[in-house]
Amino acid sequence: MRRRLPFLLMLIPASVMADPWPTVEHPGGARVERLGQHVRLNGIPMRMTRALSAAPADEIVAHYRSALGAPVAHSRVGATEVLAQWRGEHFITVTIAPLAGGASEALLSITDLRGAREAAARPTGFVLPGGSELLSDMESIDGPVSARQLVLVNAHELHANLGSFSASLAGRGLRPVGRPQAVSDDALVQGFEGPSGEARLVLVRRDGTTSAVLTLLSRNP
C-alpha cells in the first residue's frame, strides 16, 4: 500500500492538495458581509470580509485574538487596532475600528502567498499612459459584475492623460459620456459607457504630478 501512495497522490487534483483558505470565526451577533466573491490586489488573490458589531472595539479585538490563536501580532494606529498572523501559505490581518454609538467594524483580509509569488510578473493587461507608476490594481468579482480599480501617477497634463485613457478604453468598446466635468482647475472627471460595461476616470494634478483613479465595471457573460 505504501508503494502505491505516490501514484494515488498524482490522481488527486492540485486544488485539493493545496492549502485551503483558512477560516476565522466572527463575533456572535455581528453582521458579516463578504466583499466580492473573488478579489485580487495587484494580482494577488485575497478574500475580504467585513463584520459590523454592536460590541465595543476592545471586545472585538479580544474575540479575534482568541479566534486566531497564538502567535498573533498586535499593533495600534490611533483608534484602529490591527491583528496579523501567518498561517501556512496565507497571511491574515484583522483591522478593528470603533464606530459611532460604541459599535465597531472589523475588516478581515486573507492573502494567498502562493498566488502572490505567481503574480510577481503579471502584466496589467491595460495600456497605461507612458511613464506611469501603477500604485494599486484592485479586482473584484461580485456575481454578474466585475470591478477593477487602477490607481497611478505620472507627469502628464490632465488632457494628455484623458486622451491616453480614452484611447485605451475605446479598445474595450467604451466611449466618453458627454464632456469631462471640471471639478476644479486641476481636477476633472470623465465617464465612459459601452456594450461591455462602464468606467469612471478621476484625474487630479498637483505640483507637476497627475494622480489618476480609473474604475471599470464589466458585465460578466
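I take buried to mean under 20% relative accessible area, exposed to mean over 50%, and partly exposed to mean in between, with a 1.4 Å probe and protein chains only. By that rule Trp86 counts as exposed, at 61% relative accessibility.

**Entry: ground rules**

I note that this is a predicted model, in which local features need pLDDT of at least 70 and side-chain atom pairs count only at pLDDT 80 or more, while totals for chains, interfaces and linings use all residues. Residues are numbered from 1 along each chain as its sequence is written, and side-chain values use heavy atoms, with hydrogens and water left out.

**Entry: helix H3**

I took helices (H or I, at least four residues) and strands (E, at least two) as DSSP runs, numbered from the N terminus. I looked up H3, residues 57-68, which has 12 residues. From first C-alpha to last, H3 reaches 16 Å, close to the 16 Å expected at 1.5 Å a residue; the expected span is 1.5 Å times one less than the number of residues.

Which residues of H3 are buried? I listed Ala57, Ile60, Val61, Tyr64 and Leu68. They cover an arc of only 100° around the axis, so they sit on the same side of H3. The arc is that of the directions from the helix axis to the C-beta atoms. As background, an α-helix has 3.6 residues a turn, so residues three or four places apart point the same way.

On the face turned away from the buried side I found the exposed residues Asp58 and Ser66. The buried residues of H3 pack against strands E3 (44-53), E4 (73-77), E5 (80-87), E6 (90-98) and E7 (104-112), with contact meaning heavy atoms within 4.5 Å. After H3 comes Gly69, whose phi is positive, near 80°.

**Entry: aromatic pairs**

I searched the whole structure and got two aromatic pairs. Rings of Phe, Tyr and Trp (its six-membered ring) pair if their centres lie within 6.5 Å; planes under 30 degrees apart count as stacked, over 60 as edge-to-face and the rest as tilted.

Phe91 is partly exposed, at a relative accessible area of 25%.

For Phe126 and Phe165 the centres are 6.5 Å apart and the planes at 35°, so that pair is tilted. It links distant parts of the chain, 39 residues apart: Phe126 is in the loop between helix H4 (113-118) and strand E8 (133-142), and Phe165 is in helix H5 (residues 158-170). I found both Phe126 and Phe165 buried.

**Entry: salt bridges**

How many salt bridges does the structure hold? I noted six, each a side-chain nitrogen of Lys or Arg within 4 Å of a carboxyl oxygen of Asp or Glu.

Arg76 and Glu81 meet in one of them, at 2.9 Å from N to O. Arg76 counts as exposed at 54% relative accessibility, whereas Glu81 counts as buried at 12%.

Arg148 bridges to Asp137, the closest N and O atoms being 2.8 Å apart. This pair links distant parts of the chain, with Arg148 in strand E9 (residues 145-154) and Asp137 in strand E8, 11 residues apart. Arg148 and Asp137 are both buried.

Glu157 bridges to Arg205, with the closest N and O atoms 3.3 Å apart. Here Glu157 is in the loop between E9 and H5 and Arg205 in strand E13 (residues 197-206), 48 residues apart. Arg205 counts as buried at 16% relative accessibility.
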